[in-house]
Amino acid sequence: MPKKEILQTEKSIALIKQTFASKLSANLNLYPISSPMLVNEGTGINDDLNGVEKAVSFPVKFLSNNAVIVHSLAKWKRIRLQELELSLYEGILTDMRAIRADEDYSPIHSIYVDQWDWELRIASHNRCLSYLKAIVRNIYLSIKETEAHLWQELNIAPILPPTISFIHAEQLLQLYPTLTPKEREHAITKEHQAVFLIGVGHPLSDGLPHDSRASDYDDWSTATEDGYKGLNGDLLVWHPVLEQAIELSSMGIRVDKTTLKHQLEMTQTTSRTNLLYHQLVLNEQVPLSIGGGIGQSRLCMFLLRKKHIGEVQASLWPDQARRKAEQEGISFL
C-alpha cells in the first residue's frame, strides 16, 4: 500500500473513532473514562467470553497473585459504575485494548482487540426486551450518524438500512433449520442488511445455544414478553466486500442476583460464587446495568469497505496470512 494511502486510511480511522464515540456518548448518556488493560487474576473480574479462552497471565513483582490482560471489561465496568456513584441512566464509555491469545485469525478476527466498552445504569423495570431493543436502536443510530458523516467527509456512500431488524435465535433456527448458526447469521443479515440477534447463550429447541456465552455477565436466560429466553444479543451487518455478516457488537442487560445464580447452576460453574465480582452481584452491591462492546476495527472495516481487519489495525499475523493478503492486494498496517 502506498504511504499516502496508508496515511489516508489512518486519518479515516481516526475520524470514525472520534465521530462514533461522540455520537454514542450523546445517544446513550455516557461519560468517557479511563480503563485498565490489566486486572488481578482470581477475582472473577476479567471477561470469560465463551468460558473457555485463557487470559494472558504473568507474575508481577509487587503482587502476591498474577496479573491478567483483559479480554474485555464487561464486569469491571459494572463495578466502576458503583465506584463513580453514577445516577440512573448515566453510563461510562471507555477505549479498551485487550489480548485474546486463543482467538483464531481470519479476515475479521485478530488476537488484538480494540473496542468501545460501555455500561449504563438502569432500573429493575428496564430489565425487559423492549428496553434492550430501545438501546440497540440508539447504538444503531450512532452507527448511522457516523456513516452519514463519512459520506460528507470521505464521499463513501451510505448502505445501511433506515432501521435495524430484530430476530430471536430460536426464530432464526426455525427459519433456517438445516443451516449452521453462522450460516443462519449470513442468511438473515444478507436479507435485512442490519440485524440484532436476540438470546445468544441459552439452549434452543435443538438443545444447543446459537453461540456460547459466559454465565456471569449477560442475562441470556430470562423469559421475555415474546415467549423466548434472553435479554442479550449480537448486532450484525452485511459487509458488501466480504459478502458475509460481521458482528459489530455483543451486548446485553446484565445478570441480577437471581439470574446469576440460575446461569451458574445451568453451566455448572457455581464455584465462581466465591469470587469478588460474583459476591458483589449476589449481595446487590453493584448497580443493575446494560452494556457491551463495539468493535472499533470491525466498524472501521465495515465503514471503509476493507477486506481484512489487518488493513485497519496493527496486530500480529502468521506469515501465511500476510502472504495470502499480499496475493490478494491487501496491505496490513
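Does C300 count as buried or exposed? C300 counts as buried because its relative accessibility is 0%, where buried means under 20% relative accessible area, exposed over 50% and partly exposed in between, with a 1.4 Å probe and protein chains only. C128 is likewise buried, at a relative accessible area of 19%. A search of the whole structure finds zero disulfides, a disulfide being a pair of cysteine sulfur atoms within 2.5 Å.

This is a predicted model, in which local features need pLDDT of at least 70 and side-chain atom pairs count only at pLDDT 80 or more, whereas totals for chains, interfaces and linings use all residues. Residues are numbered from 1 along each chain as its sequence is written, and side-chain values use heavy atoms, with hydrogens and water left out.

Helices (H or I, at least four residues) and strands (E, at least two) are DSSP runs numbered from the N terminus, and two strands pair if DSSP finds at least two bridges between them. Three strands make up an open, antiparallel sheet in the order β2-β4-β3. Its edges are β2 (38-40) and β3 (57-58), each of which pairs on one side only. Between β3 and β4 (residues 67-69) there are two bridges in the antiparallel sense, and F58 stands opposite A67 in β4.

The largest pocket holds about 1,000 Å³ of space, the volume being that filled by probe spheres set on grid points joined across faces, edges and corners. A pocket is here an open set of points on a 1 Å grid over the protein atoms alone, where a 1.4 Å probe fits and protein lies on both sides within 12 Å along at least five of seven lines; lining residues have an atom within 4 Å of a point. The lining comprises 46 residues, of which R100, E103, H109, E247 and R298 lie nearest the centre of the pocket. Among the elements that give two or more residues to this lining are α2 (74-83), β6 (112-121) and α8 (296-303), while β10 gives the most, with eight residues.

Because W317 lies in the loop between α8 and α9 (319-327) and F332 in the segment after α9, the pair ties together parts that are 15 residues apart in sequence. Both W317 and F332 are buried.
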